[in-house]
Amino acid sequence: MSDKAEITVAIPTYKRNDLLLKTLNCLKNQTYKNITVYVSNNSQEIKDIEEIDKIKKKMEKENFHFHLIHQKTNIGAINNLLFLLSLSKTKYFMWLCDDDEISTKCIEILYNDMENHNDAISVTPYWAHLIKENDFLLKKPNVYISNFKILRIINFLYKADDAFFYALHKTEVLKKCKYYNFWSINKNIINWAYPFLFQLMINGKVLLASSKEAVWY
């Protein structure tokens, strides 16, 4: 395996330090190791900054390293996501929020699927819906696999699914997508991610992971 990271995993965080530690641990335990991890903290409270700094030191002692940015002002959730994307210089990119985890083989499976399908711009894992504590229902997200752009568009309009926001993406394609700032009245109607994902989907296929061992929790 090359020493050069092929995947950037980006974690926006805000006042969920215990959950952030769980998210980082799930990355530490991935079977695929060739990743660069960024954490962007949107809290300016001294307590949060100190706790996250302690987490970083703890993880480094366990030989897991990540880049940490403490934002000087709260730039908001969406801007934090886009800021993290701007840092990526790798072939592939994925977001992982501070209250999410992925299965141990997830990145390895998604990476292999991307490498085996040049026409794919994203590969999304299955996702686990929590029924009750330690009881999950595995769900299959809607994907857009047609070779024809118009059919992918029809499928997206008929059954839009924002689950593939947390897919593994081709970085260069993802960076071409624009975030459109809607009038405030529309913010209560439209999930901002859908117009963003629509742009991504029209550029190529969005595939489902080849194995149910790739799960996003």
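1. Let's start inside the protein, with a cysteine. Cys106 is buried, with a relative accessible area of 0%. Please keep in mind throughout that this is a predicted model.

2. How many disulfides does the structure hold? The count is 0. Cys106 is in no disulfide, and the nearest cysteine sulfur to its own belongs to Cys26, 8.6 Å away. A disulfide here calls for two cysteine sulfur atoms within 2.5 Å.

3. Now for the overall build. You will find 8 helices and 10 strands in the protein. A compact globule of 217 residues would have a radius of gyration near 17 Å, and the protein agrees with that, at 17 Å. The C-alpha trace spans about 50 × 45 × 40 Å along its principal axes.

4. A word on packing. Of the 217 residues in the protein, 47% are buried. If you take the contacts between residues at least 6 apart in sequence, 78% of them join residues at least 24 apart.

5. What about the outside? The accessible surface of the protein is about 11,800 Å², and carbon and sulfur atoms account for 53% of that area. As for charge, there are 29 positive and 24 negative side chains, with the centres of the two sets 5 Å apart.

6. Two backbone spots deserve a look when you have the model open. Most residues other than glycine have a negative phi. Lys15, however, has a positive phi, near 60°. Lys15 sits in the loop between β1 (7-13) and α1 (17-28), and it counts as partly exposed, at 35% relative accessibility.

7. Look for Asn63 in the loop that runs between α2 (46-61) and β3 (67-70). Is Asn63 buried or exposed? Asn63 is exposed, its relative accessible area being 64%.

8. Finally, a loop lysine. Lys89 belongs to the loop between α3 (77-87) and β4 (92-95). With a relative accessible area of 79%, Lys89 is exposed.

Key:
Residues numbered from 1 in each chain as written. Predicted model: local features only at pLDDT ≥ 70, side-chain atom pairs only at ≥ 80, totals over all residues. Heavy atoms only, no water. Helix = DSSP H or I, 4+ residues; strand = E, 2+ residues; numbered from the N terminus. Buried < 20%, exposed > 50% of the residue type's maximum accessible area, 1.4 Å probe, protein only. Rg over C-alpha atoms; globule rule 2.2 N^0.38 Å. Contact = heavy atoms within 4.5 Å. Areas by Shrake-Rupley, 256 points an atom, 1.4 Å probe, with all protein chains shown as cover. Lys, Arg positive; Asp, Glu negative; His and termini not counted. Charge placed at Lys NZ, Arg CZ, Asp CG, Glu CD.
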